[in-house]
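Please look at the sequence and the structure shown here. The paragraphs after them go through a few places in turn.

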Amino acid sequence: MIAKINSAILNGLIVIMAEIEVGFSRGIPGITIVGLPDNAVNESKERIKFAIKNSGFEYPVGVKTVINLSPADVKKEGSSLDLPIAMGIIMKKNSVDSDQFKDYLFFGELNLEGKLKPVKGVLNYSIAAKQHGFKGIVVPYENGNEASHVKGIEVFALKDLSEIGKFIFNKDQIERFCPTKNRAKINTKFHNTDFNEVKGQYLAKRALEIAAAGSHNLLMIGPPGSGKSMMAKALPSILPTMTEAEILETSLIYSSAGLLNNKMGLISDRPHRSPHHTISDVGMSGGGRFPIPGEISLAHNGVLFLDELPHFKKTALEVLRQPLEDGEISISRSLSTYTFPARFMLLAAMNTCEDSMGIKSSEFEGCSEAQKRRYYSRISKPLLDRIDLQIEVNKVKLDEITSNILSDSSEIIRQRVMAARDIQISRFEKMKKNIFANGQMGNREIKKFCLIDSNTEKILKTAVEKLDLSTRSYFKILKIARTIADLKNSENIGVSDIQEALSYRSANIFKL
């Protein structure tokens, strides 16, 4: 008789069902693991042996133990298979019929004492368990809250291998996991910066409102001290709340990266990632020995803020090009390909020219064309072309800094943003596509929802030719104009909407 235990492996965010088979045979005593295991799975042999012995179970001696990991053509990575392998050995040794556990999935890492340690991707596994018709899931205790977010399946969160033994021999004496009451929502934070605290910069604040309303990419160019970083910190305070689908998508990414706290709930606030300019290509895109999401995927459905844009490595910036178009990134390995969602709003900031010793901030506005050209050449034209709005942020005047006139607060702006986003969600719901904002529209959606009359189209064509903009820029302008019209609750795109949208694509950086 062969002991069989159901488990699963994570390929990016895709869960692949796996079956662990354990059998004994004559031969040289020891454990042999087949089915394309990686080093982490192979190294589990000694760990599992000590865990079984230290948990009071008899370990098979004098026999050859063969463990088959199915499907055999998919590489098995990580430590989440420790528990099902140990269970298979215990059940085979004690002649326990494994058919009684065919409706459950098992995951968990073991230490030498037999204690269960948390693993990544439990939320992904729980959803897959429900989709494949499994009755329940058995996970380490620290993963219990995460697994319990999926309704309709039983969750058993156990602390060690001795509890697993009780589950094997008398499942009825093990209580199902009860999630922590009043779980706080992870990433819910107080926004320290309000938009009414930002003095002046009315153009920039208007551009940020449009960007937030339509999930458009934005680049701010200006001298140090003009408020670029402050406005970037204030941006989360005007972002619309996430839909249920967006919450689940984002939480799945954080679960696969092991960033969901067991005591917390799902990711309810839009992520705001701000990596340092020394970040590597892999840190930006994701990958590694065991591929995990990078910054662009952790910013999915949220904001990726890149301060001092030209100081990032060019290769790290070029990684952004395809995700900005497709909303996902694929990481290829010799035996498999991992795909992670990466639909984010890019917010970038940069100085007018090189920030070097001996240059005073007041002199940045007087940068020569040669200085600007040398500085801007660090950013490729194709990447710049994918940024919807580019604005020049001027130095704030002293009169504006000392003024007591309050501009709109973040809450007032957020209400306008929410109203515009509701219009967009309602518009795209009918198409049954995974689109939540104007910035995510493809050419087909643009042609359908961004209609303009002949007079407006003539103005747009003249401007595109005069500014020597690309075809991509033409469609970007239409998307921005659609968002501007939505902020006004206007069904049609007017001349003023196109003109305002054009003003955000005419920064000096495109004229050099």
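Helix α20 passes helix α21 in a right-handed crossing. This is a predicted model, and the crossing is a place to begin reading it. Helix α20 covers residues 471–487 and helix α21 covers residues 495–503. Their axes come within 8 Å and cross at roughly 125°. Angles over 145 degrees count as roughly antiparallel and those from 65 to 115 as roughly perpendicular, so α20 and α21 are oblique to each other.

The residues that meet at this crossing can be listed by helix. From α20 come I477, L478, I480, A481, I484 and A485. Their partners in α21 are D497, I498, E500, A501 and L502. Sorted by class, the contact has nine nonpolar residues, two charged residues and no polar ones.

Next, turn to helix α4, residues 122–131. Is α4 mostly covered or mostly uncovered? It is mostly covered, since eight of its ten residues are buried. These are V122, L123, N124, Y125, S126, I127, A128 and A129. What do the buried residues of α4 pack against? Their neighbours are the strands β1 (3–11), β2 (14–25), β5 (104–106) and β8 (136–140), together with the helices α5 (144–147) and α9 (244–256). Just after α4, G133 has a positive phi of about 80°.

Last, consider the cysteines. The structure has zero disulfides. C178 is exposed, because its relative accessible area is 59% and the cut-off for exposed is over 50%. C450 counts as buried, because its relative accessibility is 5% and buried means under 20%.

Notes
Residues numbered from 1 in each chain as written. Predicted model: local features only at pLDDT ≥ 70, side-chain atom pairs only at ≥ 80, totals over all residues. Heavy atoms only, no water. Axes fitted to C-alpha atoms, helices over the stretch in contact; angles between N-to-C directions. Helix = DSSP H or I, 4+ residues; strand = E, 2+ residues; numbered from the N terminus. Parallel < 35°, antiparallel > 145°, perpendicular 65-115°, else oblique. Left-handed = near helix turned anticlockwise from the far one by under 90°. Contact = heavy atoms within 4.5 Å. Nonpolar A, V, L, I, M, F, W, Y, C, P; charged D, E, K, R; others polar. Buried < 20%, exposed > 50% of the residue type's maximum accessible area, 1.4 Å probe, protein only. Disulfide = S-S within 2.5 Å.
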